[in-house]
Amino acid sequence: MSSRDSSSHSKRPANTAFKQQRLKAWQPILTPTPVILSFLIIGIVFIPIGAGIVFSSNKVTEVDVRYDNNPDCQPGHTCYLTFDITETMRAPVYMYYRLQNYYQNHRRYVKSRSDAQLRGEAVNSYSSLSDCDPWISEGGNKVNAATFYNPCGLIAKSVFNDTFLLYSPNSTAVVLRKDGIAWASDKNKKFKNPPVTAPGIRTIPDFQDEDFIVWMRTAGLPDFKKLYRIIDVDLEAGKNYTVKVNSFYPVASFDGKKHVVLSTTTWIGGKNPFLGYAYIVVGAICFVQGIIFFVKHKISPRKLGDTKYLEWNK
């Protein structure tokens, strides 16, 4: 083989500034002064941010009542829960159901769904529903599309079905608004009802039901809340409100817990001070480190080399 042929097939990168990594770049040199300033600035910025988040979180009024341990609230029964409102809850007030020890983030559970079915598409192939395993078709039939569950999957199979009604102290029903509890993007784009000619066993009557859409957005932790309804009137302090629970959903088999939660919100969302405390802790650590480095630098400074010797021309 000639030298010309050898050079034409060479894998050596071209001799350009980009391919030979000779482009100009800013390479900061971490001397004590900018490092100390960086730590102090991070501390000065993070601590007030964290304090603001904690302050806002503490302004949230939240009342949480567990009911699965109530003998009157076992599946198949109706029970009543009393909510003692100690502070006025300004509208909008949000009603949630809360589940504990429920691992919606389990890999097999999270992937057990068919987005094509949920978008309203008619799915006729068993293989196209493989992600829904182990709940795909009646009797495990792989041929007859009329036996396919629509929608299939464990998430759709396990939809939370307890229902709640709220009554004021004078036993008048409080209006609970369902419209708006689901993300608009989910309702408008990700969930559509299939055509009437779509094959399969219909397991959810309305794919655009917002309770169903909220459930299908799986939680990342085993202790989670999901929005149930929105209350557009104030709940007055010093009064007791009653929640009627129609209990259907079993949780005893996996040591789960069920709660009803009434909560207000602030600009940061619901009651969750963790993010604020995280900012405060990180800010405090950085600030203290900055002070320690500053004192160390003043008491026993380290002699640095002349940075001009680090510069060269190519």
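Cys 132 and Cys 152 form a disulfide, with 1.9 Å between their sulfur atoms. The model is predicted. It holds 2 disulfides, an open sheet of 4 strands and a nonpolar surface patch of about 620 Å².

**Disulfide Cys 132–Cys 152**
- The torsion about this S-S bond is about 55°, so the link is right-handed.
- Cys 132 sits in the loop between α4 (115–118) and β4 (149–150), and Cys 152 in the loop between β4 and α5 (154–157), so the bond ties together parts 20 residues apart in sequence.
- Cys 132 and Cys 152 are both buried.

**Disulfide Cys 73–Cys 79**
- Cys 73 is joined to Cys 79, with an S to S distance of 1.8 Å.
- This link is right-handed, with 110° about the S-S bond.
- Cys 73 is buried because its relative accessible area, 1%, is under 20%.
- Cys 79 is also buried, with a relative accessible area of 3%.

**Cysteine pattern**
- Counting bonded cysteines along the chain, the disulfides follow the pattern 1-2, 3-4.
- A disulfide is a covalent bond between the sulfur atoms of two cysteines.
- Cys 286 counts as buried, at 11% relative accessibility.

**Open sheet**
- The strand order is β1-β9-β3-β7, and the pairing is antiparallel.
- β1 (62–66) and β7 (224–231) stand at the edges. Each has a single partner strand, so one side of each lacks a neighbour in the sheet.
- From one strand to the next, the twist averages 20°.
- β1 and β9 (residues 257–263) run antiparallel and are joined by 5 bridges.
- Within this pairing, Val 65 stands opposite Val 260 in β9.

**Nonpolar surface patch**
- Ile 44, Ile 47, Phe 287, Ile 291, Phe 294, Val 295 and Ile 299 form the patch. Together they have about 620 Å² of accessible area.
- Two elements, α2 (32–58) and α8 (274–299), each give two or more residues to the patch.
- α8 supplies the largest share, 5 residues.
- Ile 47 belongs to helix α2.

Definitions and conventions
Residues are numbered from 1 along each chain as its sequence is written. This is a predicted model: local features need pLDDT of at least 70, side-chain atom pairs count only at pLDDT 80 or more; totals for chains, interfaces and linings use all residues. Side-chain values use heavy atoms; hydrogens and water are left out. Patches are made of residues with over 30% relative accessible area and no salt bridge: like charges are joined within 9 Å, nonpolar side chains (Val, Leu, Ile, Met, Phe, Trp, Tyr) within 5 Å. Accessible areas come from the Shrake-Rupley method with a 1.4 Å probe; for residues, only the protein chains shown count as cover. A salt bridge is a side-chain nitrogen of Lys or Arg within 4 Å of a carboxyl oxygen of Asp or Glu. Two strands pair if DSSP finds at least two bridges between them. Axes are lines fitted to C-alpha atoms, for helices over the stretch in contact, and angles run from 0 to 180 degrees between N-to-C directions. A disulfide is a pair of cysteine sulfur atoms within 2.5 Å. Buried means under 20% relative accessible area, exposed over 50%, partly exposed in between (1.4 Å probe, protein chains only).
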